[in-house]
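This report looks at how two chains meet and at the surroundings of selected residues. The sequence and the structure are shown first.

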Amino acid sequence: MNDAALIELAKQKDRSAFKTLVETSQDMVYNTLLGILQNAEDAEDVAQEVFVQVYESLKTFKGESKFSTWVYRITLSKATDHIRKKNRKKRFAFLQSLYGKNEEQVIDPPNFHHPGVEMENKENATILFGAIDKLLPNQKAAFILNKLEGLSYKEIGEVLDISDAAVDSLLQRAREKLKKILREHYSRLTN
Amino acid sequence: MKDKQLNDKIERALASLDKTERCSPRPFFFTRLEARLQYQQDKWAKLTSFFTRPAIAFSCICMVIVLNLFVVFHELSPQNAISQENAEYTPADEYSLVATSLYDFDK
């Protein structure tokens, strides 16, 4: 059964159609979120939020863009919301600790190890993820979609609603900034 | 030489994500998602059923009517009309707002 037929069935609250849609897109959602949020628990939690949103907004999906593009857009928007919420919590973390209500982890562990990275690249990838975390949100999204999801410039442009040339310039700026951050990092280590 | 080594390190780091495998969430993701959807629907269902209880709905409607009547009668009361008139004139007199231009002061 193709995507359009599955979507039509899922709109009518067909459980198995919705399950198939989730199962075919859960990896792309989770993988993107893992790259952006750099925390497995957060990525799973936000991935669930993404599919709750998909379930609730499916009736508004008109098929003007690809289903995957639409899901990527929701994923990026939910990731941005999550980061904003987490930053707000970090700002008020000292108040929580004063009142002894510090049950959840607000500050992420400093070194993120992506489980999909090859063994010989683990160390370099950890350093690179630290640098990615310092990019601007749209640069970070474009870089992750390109590197981890393997999307073309055209596909990234459709997700971010910008032209191919704008994607190219976004990725170029992201790479320049990453180089600068990595240079500072390695220079600090050698000195 | 040192600069070349540094550049090589940077390039290696940038290329470290090139052959990354796609990650999957933990098994039974859909089961957990279904539980979450169920919980959310239950939450809204509880809230809706609370507000649609006859006693609650009737009380809310009565409260809205009483508040509306109060506002209408308060606005229409003669005492309120007088106080509004005063409120309009007092500041104008106090701050000489009747003078509209510099020529009015010269008179």
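**A buried glutamine in chain A**

Q48(A) is buried, because 22 other C-beta atoms lie within 10 Å of its own and the cut-off for a buried residue is 20 or more. In this predicted model, the residue Q48(A) has its place in helix α3 of chain A, which covers residues 40–57.

Not counting residues up to four places away in sequence, Q48(A) touches R32(B), L33(B) and R36(B). Within chain A, Q48(A) and V22(A) are 26 residues apart along the chain, and their C-alpha atoms are separated by 9.9 Å.

**The side of chain B that touches chain A**

In the contact between the two chains, 23 residues of chain B meet 31 residues of chain A. On the side of chain B that touches chain A, at least two residues are supplied by each of α1 (2–14) and α2 (29–51) of chain B. The largest share of that side, seven residues, comes from α2(B). By residue class, the side of chain B that touches chain A divides into eleven nonpolar, eight charged and four polar residues.

Along chain B, N7(B) and Q79(B) are 72 residues apart, and a distance of 84 Å separates their C-alpha atoms.

Key:
Residues numbered from 1 in each chain as written. Chains lettered and ligands numbered in written order. Predicted model: local features only at pLDDT ≥ 70, side-chain atom pairs only at ≥ 80, totals over all residues. Contact = placed C-beta atoms within 7 Å. Helix = DSSP H or I, 4+ residues; strand = E, 2+ residues; numbered from the N terminus. Nonpolar A, V, L, I, M, F, W, Y, C, P; charged D, E, K, R; others polar. Buried ≥ 20, exposed ≤ 12 C-beta atoms within 10 Å, placed from the backbone.
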